[in-house]
Amino acid sequence: MAAQSQYEELARQLSAIGAVKREMGRILPQDCPPASAGVLTLLDRHGEMRMSQLAELLAIDMSVTSRHVAHVAERGWIERKPDPADKRSRLLRLTPSGKELLLELSERYTESLARYLGDWTDTDVGHLIELLARLRTSFGDCRTRAHHDSPTRTPAG
């Protein structure tokens, strides 16, 4: 087991990752904030879905999800169509324009990572990928845990 000081340093490093995420967010087109890119990515990965499923995958409230969906729908990146199984519900689906934008975003992200990590070896990049995947696995599904944790709970306990 790692020493307490190592966990404290890890906490600082994870906190600092926010700056990396903000920098990566700057490469997005002005009309496509990170939340919109997240919506498009999830629809691409999981296929068409109801807004409730999208909210669950994003781990955010339905009202916030609704705003994100409205934003991407207004730009023609997704379509909302009646759910044949339940006419009161709508299914969200990527449009060809949304798929095209995702390809562009992927290219931008890849180019940016290659630029920032250009002095890293392939082994270093592979090791980072492996460790980040392991970290995510160790945390499990944080979305479901967030619904069960007390809102007054602190990070330390």
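Visitor: Which exposed residues does the face of α5 turned away from its buried side carry?
Guide: That face has Pro96, Glu100, Leu103, Glu107, Thr110, Glu111, Ala114 and Arg115. Bear in mind that this is a predicted model.

Visitor: And which residues of α5 are buried?
Guide: Gly98, Leu101, Leu102, Leu105 and Ser112. Viewed down the axis of α5, they fall within an arc of 105 degrees, so they line one face of the helix.

Visitor: Why do residues three or four places apart point the same way in an α-helix?
Guide: Because an α-helix has 3.6 residues a turn.

Visitor: What covers the buried residues of α5?
Guide: The cover includes helix α1 (4–25), helix α2 (34–46) and strand β3 (86–94).

Visitor: How far apart are the end C-alpha atoms of α5?
Guide: They are 30 Å apart. Helix α5 has 21 residues, 96–116, and at 1.5 Å a residue it should span 30 Å, so the two values agree.

Visitor: Switching to the surface: which residues form a nonpolar patch?
Guide: Met1, Tyr7, Leu10, Leu14, Ile17 and Val20 do, with about 630 Å² of accessible area together.

Visitor: Where is isoleucine 17, and how accessible?
Guide: Isoleucine 17 sits in helix α1. Its relative accessibility is 38%, so it counts as partly exposed.

Visitor: Now threonine 65. Buried or exposed?
Guide: Buried, because its relative accessibility is 0%. Threonine 65 belongs to helix α4, residues 62–74.

Visitor: What is threonine 65 in contact with?
Guide: Setting aside neighbours within four places in sequence, threonine 65 contacts Met51, Leu54, Ala55, Leu58 and Ile60.

Notes
Residues numbered from 1 in each chain as written. Predicted model: local features only at pLDDT ≥ 70, side-chain atom pairs only at ≥ 80, totals over all residues. Heavy atoms only, no water. Helix = DSSP H or I, 4+ residues; strand = E, 2+ residues; numbered from the N terminus. Expected span 1.5 Å × (residues − 1). Buried < 20%, exposed > 50% of the residue type's maximum accessible area, 1.4 Å probe, protein only. Arc of directions from axis to C-beta. Contact = heavy atoms within 4.5 Å. Patch = residues over 30% accessible without salt bridge, like charges linked within 9 Å, V, L, I, M, F, W, Y side chains within 5 Å. Areas by Shrake-Rupley, 256 points an atom, 1.4 Å probe, with all protein chains shown as cover. Salt bridge = Lys/Arg side-chain N within 4 Å of Asp/Glu carboxyl O.
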